[in-house]
Amino acid sequence: MTHQQALFEYALRLGDNALILGQRLSEWCGHGPVLEQDIALTNIALDQVGQARSWLTYAGEIEGKGRSEDDLAYHREQREFRNVLLVEQPNQDWAYTMIRQFLFDAFNFYLHEQLTGSRDQTIAAIAAKSLKEITYHLRYSSEWVIRLGDGTDLSHRKMQTALDDLWIYSGELTQVTPLDAFMAEEELGADLDRLRPRYEEKVREVLEEATLSAPNLPYHQQGGKEGRHSEHLGHILAVMQSVQRAYPGQKW
Amino acid sequence: MSDNQLTKHFQDQIDQEVKIEPKDWMPEGYRQMLIRQISQHAHSEVIGMLPEGNWISRAPSLRRKVALLAKVQDEAGHGLYLYSAAETLGIDRDELIAQLHQGKAKYSSIFNYPSLTWADMGAIGWLVDGAAIMNQVMLTRTSYGPYARAMVRICKEESFHQRQGYEILLTLVRGSEDQKAMAQDSLNRWWWPALMMFGPNDEDSVHTQQSMAWKIKRKTNDELRQQFIDATVPQADYLGLKVPDPDLKWNDERGHYDFGPIDWDEFWQVVKGYGPCNRQRMRDHIAAHEEGAWVREAALAYAEKRAARLETAVA
Ligand SMILES: [Fe+2]
Ligand SMILES: [Fe+2]
């Protein structure tokens, strides 16, 4: 793996995580449980898509073939997407959406905290800007996990079910791929072995306050980071890319 | 003071352009008219999120996706300001939403039309937000203080939405033949429903006279409609799109555009609930509300638990 390839893949992964999660969150717009939360979740969707634009633009620059953020978002096949499996999971209901958001935010927070110290100045700069937003996201999703976990019996059951279903995707967040090892070694990316205990501690702390219990699984699902996705991503992209694909080469 | 004196004092205030505030005495009819109008306005902002929300996941560039998300989010914000303004009249949001779901309260019929292509995101911003602005700019001077102030905030965002919509169409008409055709088709579908947004002709409008006397409205439906047409036709010309009205023609004598007859049958059909998306919009809104019930209940239960725990901790 060359330095350039690694940077490209890494920026793509960061961009794809943000883009696919932003796409999922934006499905809520107009359908939230209450107007205030519709607005709040749309804010997070806006931040995610905004972050995706920064990372994908940078990925295109690193690659040096003139691909723009839109070329990368709209003209790649699902096997070329590098997002983790967690972010492509369906919204289902507010419980799944909040559990998915919390698990991702907790990871994403420590990830970006480390990335602000990257030897690559652009990575450090995008991470610093995003970290402010992610700090808010983590506070928001933690509060909702606690509120609903410790709310009514019904909300507790729904949250526990969502946690049971989504937990299997949490391991991939801190899974060290060869790319992660390379990026950590070069001090360009995050050291996931160093990150993992802090992430796990944060999750433990919030789940405990929420009176929820994390399942103890012998196995986790992974593959998104290397382009092996769940069935859901194909559908997300079929919708997201539809106009661009129907009218190739146009300006919008 | 007797009721007669109160009524006279109230009308004097209105005539002297003094804003009516929530604590002021007001005739029951004024309060009811405002509740009806402000809640209808609030519901329109919120139901209006649906046709545009329909295209967020398919926005053809990331820049457009962000802009559309932010736009629809603004509309949610408008809904909030307006529900708050309505609440100053002694009715709460839950009740207003219940009235909507029971079909007692209305929302703007324009949102019962479907958004079928990406160009509709342009046409809605340009024409629907554009028509809304005509009405809302007038309402910044409405006699009820909280409503007027909500409008000032909202108007700034609406003109931004309108420019954004126009710019979407501008990009399309400068693009391929397909894109230009998409823009024309969209104008064809949205033009007449946009004109209907101003409501029936003045002679058929039941509330107009009283509303004008109370200075809730300050221009009639027909005045606003004409103003909208006069402002919008040159914009269509600049786009190189054809307004779908064979009778449309500048009238030098009147200093206005003449335009063809509006299909009032279609207007009443949609108002009465038989438009293309009436049932779908209501079903979606009710579904979101009902599916959110457990979330709202749990949030409330948690807040109460927390307050109780704090109290025990203090004691
Ligand atoms: Fe609005
Ligand atoms: Fe608007």
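Tutor: This is a predicted model. By the rule used here, it holds four cavities of 30 Å³ or more.

Student: What makes such a space a cavity and not a pocket?
Tutor: A cavity is a set of grid points where a 1.4 Å probe fits but cannot get out, whereas a pocket is an open set. The largest cavity has a volume of about 70 Å³.

Student: Which elements give two or more residues to the lining of the largest cavity?
Tutor: They are helix H1 (3-26) and helix H5 (94-115) of chain A. H1(A) supplies the largest share, four residues. Among the lining residues are Tyr10(A), Arg13(A), Phe107(A), Asp180(A) and Lys225(A).

Student: How do the residues of that lining divide into nonpolar, polar and charged?
Tutor: Seven are nonpolar, one is polar and three are charged. Tyr counts as nonpolar, while Asp, Lys and Arg count as charged.

Student: How much space lies in the second largest pocket?
Tutor: About 320 Å³. It is lined by 18 residues, and those closest to its centre are Pro33(A), Val34(A), Leu35(A), Ile97(B) and His289(B). Two or more lining residues come from each of helix H2 (35-63) of chain A and helices H4 (62-87), H5 (93-101) and H12 (278-291) of chain B. The lining of this pocket divides into eight nonpolar, five polar and five charged residues.

Student: Why is chain A called as compact as a globular protein of its length?
Tutor: The globule rule gives 18 Å for 252 residues, and the radius of gyration of chain A is 18 Å, so the description holds. The C-alpha trace of chain A spans about 55 × 45 × 30 Å along its principal axes. Buried residues make up 60% of the 252 residues in chain A.

Student: What secondary structure does chain A have?
Tutor: Chain A has eleven helices and zero strands. Of its contacts with a separation of 6 or more, 82% join residues 24 or more positions apart.

Student: How do you know that the span of helix H10 of chain B agrees with its number of residues?
Tutor: The helix covers residues 221-239, and at 1.5 Å a residue its 19 residues should span 27 Å. The end C-alpha atoms are 27 Å apart, which agrees. Just after H10(B), Gly240(B) has a positive phi of about 75 degrees.

Student: Which residues of H10(B) are buried, and what covers them?
Tutor: The buried ones include Leu224(B), Arg225(B), Phe228(B), Ile229(B), Asp230(B) and Thr232(B). Their cover includes helices H6 (119-139), H7 (145-173), H8 (177-196), H9 (208-213) and H11 (264-274), together with strand E2 (256-258), of chain B.

Student: Why does Ile133(B) count as buried?
Tutor: Buried means under 20% relative accessible area. Ile133(B) has 12% relative accessibility, so it counts as buried. Ile133(B) lies in helix H6 of chain B.

Student: What does Ile133(B) touch, leaving out residues up to four places away in sequence?
Tutor: Ile133(B) touches Glu158(B), Ser159(B) and Gln162(B). A contact requires heavy atoms within 4.5 Å.

Student: How far is Ile133(B) from Trp250(B)?
Tutor: The two residues are 117 residues apart along the chain, and their C-alpha atoms are separated by 23 Å.

Conventions. Residues numbered from 1 in each chain as written. Chains lettered and ligands numbered in written order. Predicted model: local features only at pLDDT ≥ 70, side-chain atom pairs only at ≥ 80, totals over all residues. Heavy atoms only, no water. Expected span 1.5 Å × (residues − 1). Buried < 20%, exposed > 50% of the residue type's maximum accessible area, 1.4 Å probe, protein only. 1 Å grid on protein atoms, 1.4 Å probe; cavity = no way out; pocket = protein on both sides within 12 Å on 5 of 7 lines; lining within 4 Å. Points joined across faces, edges and corners; volume = space filled by probe spheres on them. Rg over C-alpha atoms; globule rule 2.2 N^0.38 Å.
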